[in-house]
Amino acid sequence: MFVRTIACLLIVIPATTLSAAEHWHQFRGPLGNGHAPDGAAVPTTWSETEHVQWKTPIDGKAWSSPVIWKDQVWFTNAPPDGTKLYAVCLALESGQVLHNRLVFEIEHPQSLGDAKLKNSYASSTPVVEEGRVYVHFGSPGTACLDTASGQTLWSRQDLPCNHHRGPGSSPIVWQDLLILTFDGFDQQYVVALDKQSGKTVWKTDRNIEYGTDNGDVMKAYSTPHVFDVGGTQQLVSPSAGACIAYDPASGKELWRVKSGGMNAAGRPVMGHGLVFMGTADGGYKFFAASPDGRGDVTESHVAWKATKGAPRYASPILVGDLLFTATDKDILCCLDPKTGEELWQKRVGGTFTSSPIYAGGNLYFCNEEGSTFVVKPAAEFELLSTNKLDEGCLASPAVAGKALILRTKSAVYRIEE
C-alpha cells in the first residue's frame, strides 16, 4: 500500500458543489489551459500551519497532478521501482483515502535512467468524468476504472513504447475518444481508444525525420490539446523534432512545424489566432504558429520564436494579452503573445516543472523546492506572496471552488481560507 492515513485534519468543511463545466477533470483544468473557473477565489497566502484544511501523506514517488470530479480527488501513484501502479482517490471534503487501487503489477519495469530524479513511473495525469476515471502509465498500461467502486472496467497493456527515461504525456478525452501519446526511444505515435471499451479507433505514426538514429533525440513528454480553429477541430501535439496537428476524429495529419528539439513537455495553449508551444531541449525553444495552414507550414506559419523565458518543463499560460512562462532555471517571464517580445523576467529561485495556473485573478507558480509564488498577471512584475510548504511540487495544482489542491513530493493538501 502506498497511501498512508491522514496525518493532519484541521477542520471539517462542507463539500464543494461544482457544475459540470467547473470540474478540474484533466491536466491543466476544465479547459486544459490552466485557468480556473470564474469565481475561484483561492487563497493567496498559506503555510504548513495556515489555511491547511487537510493534508494526506502519500508514500511512493509519483508526479501526476490531481484531478477532481464532484467530491473525489484522483491521481496515480507508484513505488520508486515502478513494480506496482496505483490509482488513488481522496475525499475532497476530508482528504480521506477512498480508493487505493492496484491497477497493474509490472515484473520488469523500464529504467528511468538518469531521469530518475526528475521523472517517475506515475507522472501522467488521469482524466476523470462522471462514473469513470482513465489512468495512464505509458506503455506499462492504461485503464478505465469505475469511480464508485474503483474496479477496472477495461485495461490495455499492448501499446508498446520504450520510454527510456519514463513516460510523461497525459491522456485527454475528446468526445468518445481517449487519446494517448507515445513518443519513445524506439516508437513514436498517437493513438485514440474508444473510451467505453478501450478498443483502438485509430493509430497514427509520427513519421518525423529526426536526422539521427539516436532514440534519445526522439523522446517527448507533451500532452496534446484539441482546439477549435474556424469550426475545425485540431489535435495539436508537440513532439521531438516537430509539432503536428491531427484531425482528432481520424488521426489524419493536418499540418506540421519542423520545430526541432527534443523532450517537449508542456501542453500547448492558443489565443490571438496563434498556438504557443515549447520544444524543451534545442530547436525553436518556444514559438507561436498560426493553425490555419495545411501540410508543412514551417516556413509560412511560424509567427515568432523566443529563447528568453522558454519553458523547458512547465506549460505556458495565457491571460488576456499577456503570455507567461516559468523556466527550469528559476525565472518567471512575461511575453507579448502577438510578437514574442519579452516584457519582463524575474529570477525568483527554484526549478519549475509544475505548470502554472490562473485563479481568482492571480497566477500561481509552484517550484520543486516548496515555494508557490502568487503573481499579478500584469505587464510589470508584481509578486503578491511567496508561500512555503515542507516539500515542493512537480505536479501541477488543481482548483475546486475556493480550494487549492496541491500535491507535493510526499503529500496532498487542501488549501482554503
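A charge sits over a ring if NZ of Lys or CZ of Arg is within 6 Å of the ring centre and within 35 degrees of the ring normal. The legends below treat a predicted model, in which local features need pLDDT of at least 70, side-chain atom pairs count only at pLDDT 80 or more, and totals for chains, interfaces and linings use all residues. Residues are numbered from 1 along each chain as its sequence is written, and side-chain values use heavy atoms, with hydrogens and water left out.

**View 1. Lysines over tyrosine rings.** K305 places its charged end over the ring of Y284, 4.1 Å from the ring centre. K203 has its charged end over the ring of Y189, 4.3 Å from the centre.

**View 2. The largest nonpolar core.** A nonpolar core is a set of buried Ala, Val, Leu, Ile, Met, Phe, Trp, Tyr and Cys residues joined through side-chain atoms within 4.5 Å. Buried means under 20% relative accessible area, exposed over 50%, and partly exposed in between (1.4 Å probe, protein chains only). The largest core has 32 residues. Those with the most contacts inside it are W46, I68, Y364, V399, L404, I405 and L406. Strands that each supply at least two residues include β2 (52-57), β29 (362-366) and β34 (411-415). Strands are DSSP runs (E, at least two residues), numbered from the N terminus. β34 gives the most, with four residues. A second, separate core of 20 residues includes A62, C89, F104 and Y121.

**View 3. The W46–Y364 pair.** Rings of Phe, Tyr and Trp (its six-membered ring) pair if their centres lie within 6.5 Å; planes under 30 degrees apart count as stacked, over 60 as edge-to-face and the rest as tilted. The structure holds 11 aromatic pairs. The centres of W46 and Y364 are 6.3 Å apart and their planes at 15°, so this pair is stacked. W46 lies in the loop between β1 (8-9) and β2, and Y364 in strand β29, 318 residues apart. W46 is buried, at 3% relative accessible area. Y364 is also buried, at 1%. Beyond its neighbours within four places in sequence, Y364 is in contact (heavy atoms within 4.5 Å) with residues including V42, P43, W46, F373 and L404.

**View 4. The W344–F381 pair.** This aromatic pair is edge-to-face, 5.0 Å centre to centre with 70° between the planes. W344 sits in strand β27 (residues 342-347) and F381 in the loop between β30 (371-375) and β31 (383-388), so the pair ties together parts 37 residues apart in sequence. W344 is buried, at 7% relative accessible area. F381 is partly exposed, at 26%.

**View 5. An aromatic cluster.** F276, F286 and W304 form one cluster.
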